[in-house]
Amino acid sequence: MSDLRETVVATATQWTSLPWLAPYREQSLARVKAGQWPELRQEHWMHSPVRRLHAALATPTPSDTLTDKTDSIPALDAMRVVFVDGAFDADASTVAAMDGLTLVTFSEATADEQSRIVTHLGSCLNQADKRERHIMADLNGAMLSDGLFIQVDKNVQISRPIEVVYRTTGAATGLNNAPRLLVVLGTHAEATVIEQFVNNAAGSAVVNAVAELVIGDNATLKHYRLGVDQHAMVHVGAVHVVLKNNANLKGFILALGSHFKRTDMVVHHTGQGSHCDVTGLYLTRGEEHSDLNACIEHRTPHCFTDEVFRGILADKSKAIFNGRIHIHPQAQKTLANLSNKNLLLDQGAEIYTKPELEIYADDVRCAHGATVSQIQSDALYYLQTRGIGRKEAEIMLSYGFINELLNTISVAPLRAHLQSVLAVQFTRDSAILEHLG
Amino acid sequence: MSDSIDQYLKKDYEAGFVSDIDAETLAPGLNEDVVRFISAKKGEPEWLLAWRLKAFAIWKEMTEPTWAHVHYPEIDFQNISYYSAPKSMDSRPKSLDEVDPELLAVYEKLGIPLHERAALAGVAVDVVFDSVSVTTTFREKLKEVGIIFMPISEAVHEHPELVKKYMGSVVPQRDNYYAALNSAVFSDGSFVYIPKGVRCPMELSTYFRINEANTGQFERTLIVADEGSHVSYLEGCTAPMRDENQLHAAVVELVALDNAEIKYSTVQNWYPGDKEGKGGIYNFVTKRGICHTNAKISWTQVETGSAVTWKYPSCILKGDNSIGEFYSVALTNNYQQADTGTKMIHLGKNTRSTIISKGISAGKSQGSYRGLVKMNPGASGARNYTQCDSLLIGDQCGAHTFPYIESKNPSAVVEHEATTSKVSDDQLFLCQQRGITQEKAVSMIVNGFCKEVFKELPMEFAVEAGKLLEVSLEGSVG
């Protein structure tokens, strides 16, 4: 274990890329050295199969090329930026220049853009306490070589979504596949960002991606993070958000299970009157694993949080959900709600859910609810009395369970795309697909 | 309002007197000799000494748990006296008449039903003073129906087969740091055995009191309800006011065999420390019960005392169709900290559990609910419902909820809900509009908030609990 840690630290120490990012890399490296390595005895990792993570970091992965390139979303008119194994792929990207929008990769940033990036880089991560910004996020900083910087100027609304695709081929050794997304919205700005993670089915590889989202006064960001990478993929990711006065975040997380998948979402309410709506879905099957952590830090008064997470677990898969709402002493008049519902489809599937409330202010209203069960037998019975077979009825009901959340996606092409992707995920049998529409 | 807050803060801890009773107290420190001394003092058989020594060896290898949401200075386990017994108890009294009158006066002062009051209230009491069981009432009457109710130190001699069979079967020595410590140095406690098919004709009760300074209290309670039997057991605790913190590390084990039912109620009012947070009891208790087929264990607790509470009464639902219940009111004020909750481990088919937890935080206190609901692969058709609500009074306190839900069986259903809020302004306004003073209104609202739990308590306790809460909250709302 300590050998692995030393190897990782040694790799990160020797890592060189853009020289202007060196100070940030060094800062992150110092944190990595001081940080706790993910281990089962730590509360935050205790149910995760950390061995899978360790094994993936220790063993170099075989080189492979990405054959499956079906990551485009039909009918979606979007600006598209593609990273392959953490490096920018200009050929696959389509970016149009627009007034009031800076959309540039770290590797191509001008001196002015570099200074803006340096100003904001780490500003969200640094807000998080030690427990929420674990070593993997710092490792992303220490291995940082490229990323995407999106800045929307004051009073500019960008209606065309920005799509960021991270393809993992397996050619990366693991640690260096560490892309960073940095989004900065000015006052009254608006944008839609779709992050999509795809991988090559044949290869096993690691991606360690961090997104930092700074949402300015009265600004609105729609953020979709689609972890559709599956199979042998080891995916560790974090989204750290700072909300200023009256800022709005509409977040959506989709995590299909993989060999090891962990997504951390940390939102800081730092201004008054900000809203945070987060919806999340995790779907696992086979022997897959998904670990979803959501932490909302209410540091200021009059803020709102609404979180809805649902999971469906099939076969012998395992999922973990941690939902923490932390109300600091100054955060009076907070309204916060969290709901987590889980469907266990098969004997052998395991769910560990922990909705937490940590409250240090009295004039607040907070609630959370969590349920775990299988599909209701009377609902199944009802469909069977209407002549629908049991298997089909089960699929219809579980699909309905998540479709409710998909319907909240306001980007229509994205919604339609996800509905069809997830329908396939569920059925594994095209004959039943006709029932889902 | 701030006047009444001040008034409340000045309120004395009513059970905070010290009784001047000659006591034999062992010098502070813990080593194998201390364990041997305690065992010898009790004239224990060889097997029990070996059991204790094994626990002590395990304890030495363990480290103190730090995961709870509580903060306190490190405990120096070598600075605690592990044995203190009222001296006059050396020749054990045959009846209440022989009990040191000063002791009786203590209980009189506490207002607990002992002596004639016991008869009136119909409660059989086992009194544990510091570490030693002082007196047990109604033993003869209980004996008629075959019930054994006696100090565990006597049970070791009179019913060694039962003690040997069940002690450590629910909470093994290795279970956790404080359980291991208790297993090594426990001095006394209560033992209850209800024979097959017997319904205990009266409530059984134990009263715990820490009296001596610098002592820890380590009692051990073991209740065995044989097939088809039923028992309701009450537990109460108080301690004197002292500047230093005192340790209370108890173990309670319940065994409910097939079709048996155990109801265990606690009103915990250990000294909570003064308004600056100085002194008070560290209450680190391990309570667990095991339910066999069709059995039922119900925990009800009202926690108002202790500086730091670390307590998770749990049920292992081993047998099919068994039932576990947990009803709790935990009130913290001033600088008190409580991390309390339950564990429901579902092993058998169609097992059911209900958790109702009400937390009230006032002053500068921190109250946490920490619970585990675990559905094992064999728990087909199991069901859990959890509700935990927190009420905040004042803007410097904290209320936290840490529920752990784990399910490995698709047919098991787990439901959890939690809310946190302050006393609603609308409700207060409505009451005040009807001519009820603010103070009274808050008391009414808080009582209503806790009603689901209070209704589970035996009558005498429900009255006491309601009063305790009212007193504890007086003036803390503004």
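Student: In this predicted model, which strand of chain B is joined by bridges to strand S19 of chain A?
Tutor: Strand S19 covers residues 365-373 of chain A, and seven bridges join it to its partner in chain B. The two strands run antiparallel. One of the bridges has Gly369(A) on the chain A side and Glu417(B) on the other. The partner strand is S24(B).

Student: How many residues does each chain bring to the contact between chain A and chain B?
Tutor: On the chain B side, strand S23 (398-407) and strand S24 (413-422) each supply at least two residues. By class, that side of chain B divides into 13 nonpolar, eleven polar and six charged residues. The contact as a whole takes 30 residues from chain B and 31 residues from chain A.

Student: Into which domains is chain A divided, and how far apart are their C-alpha centres?
Tutor: The division of chain A gives domain 1 (2-374) and domain 2 (379-437). The C-alpha centres of these two domains of chain A are separated by 27 Å.

Student: Which elements of domain 1 of chain A give two or more residues to the side that touches domain 2 of chain A?
Tutor: The contact between the domains involves 21 residues of domain 1 of chain A and 14 residues of domain 2 of chain A. On the domain 1 side, the classes are 17 nonpolar, two polar and two charged residues. The elements of chain A that give two or more residues to this side are strands S7 (190-199), S9 (220-227), S11 (248-256), S13 (275-284) and S15 (304-313).

Student: Is Glu195(A) buried or exposed?
Tutor: Glu195(A) is found in strand S7 of chain A. Leaving out residues up to four places away in sequence, Glu195(A) touches Val164(A), Leu181(A), Ala211(A), Tyr224(A), Arg225(A) and Leu226(A). A residue counts as buried if 20 or more other C-beta atoms lie within 10 Å of its own. Because Glu195(A) has 22 such atoms, it is buried.

Student: What distance separates the C-alpha atoms of Glu195(A) and Ile162(A)?
Tutor: Glu195(A) and Ile162(A) are 33 residues apart along the chain. Their C-alpha atoms are separated by 8.5 Å.

Student: Why is chain A described as being as compact as a globular protein of its length?
Tutor: Chain A has nine helices and 19 strands. For 437 residues the globule rule gives 22 Å, and the radius of gyration of chain A is close to that value, so the chain is as compact as a globular protein of that length. Along the principal axes, the C-alpha atoms of chain A fill a box of roughly 70 × 55 × 45 Å. The radius of gyration on which the comparison rests is 21 Å.

Student: What percentage of the residues in chain B is buried?
Tutor: Chain B has twelve helices and 24 strands. Among its contacts with a separation of 6 or more, 83% are between residues 24 or more positions apart. Of the 478 residues in chain B, the buried share is 56%.

Student: Which residues have the most contacts inside the largest nonpolar core?
Tutor: This core has 249 residues, and strand S8 (residues 206-215) of chain A gives the largest share, eight residues. Domain 1 (2-374) and domain 2 (379-437) of chain A both contribute residues, so the core lies between them. The residues with the most contacts inside the core are Ile215(A) and Ala256(B).

Student: Where is His302(A), and is this residue buried or partly exposed?
Tutor: Phi of His302(A) is near 60°, a positive value in a residue other than glycine. Most residues other than glycine have a negative phi. His302(A) lies in the loop between strand S14 (289-298) and S15 of chain A. With 17 other C-beta atoms within 10 Å, His302(A) is partly exposed.

Student: Is Asn294(B) buried or exposed?
Tutor: Asn294(B) is not a glycine, although its phi is positive at about 60°. The residue is placed in the loop between strand S13 (280-291) and strand S14 (296-303) of chain B. Because 20 other C-beta atoms lie within 10 Å, Asn294(B) is buried.

Note on methods. Residues numbered from 1 in each chain as written. Chains lettered and ligands numbered in written order. Predicted model: local features only at pLDDT ≥ 70, side-chain atom pairs only at ≥ 80, totals over all residues. Domains from an automatic or database assignment. Contact = placed C-beta atoms within 7 Å. Helix = DSSP H or I, 4+ residues; strand = E, 2+ residues; numbered from the N terminus. Nonpolar A, V, L, I, M, F, W, Y, C, P; charged D, E, K, R; others polar. Pairing = 2+ DSSP bridges. Rg over C-alpha atoms; globule rule 2.2 N^0.38 Å. Buried ≥ 20, exposed ≤ 12 C-beta atoms within 10 Å, placed from the backbone. Core = buried A, V, L, I, M, F, W, Y, C linked by C-beta atoms within 7 Å.
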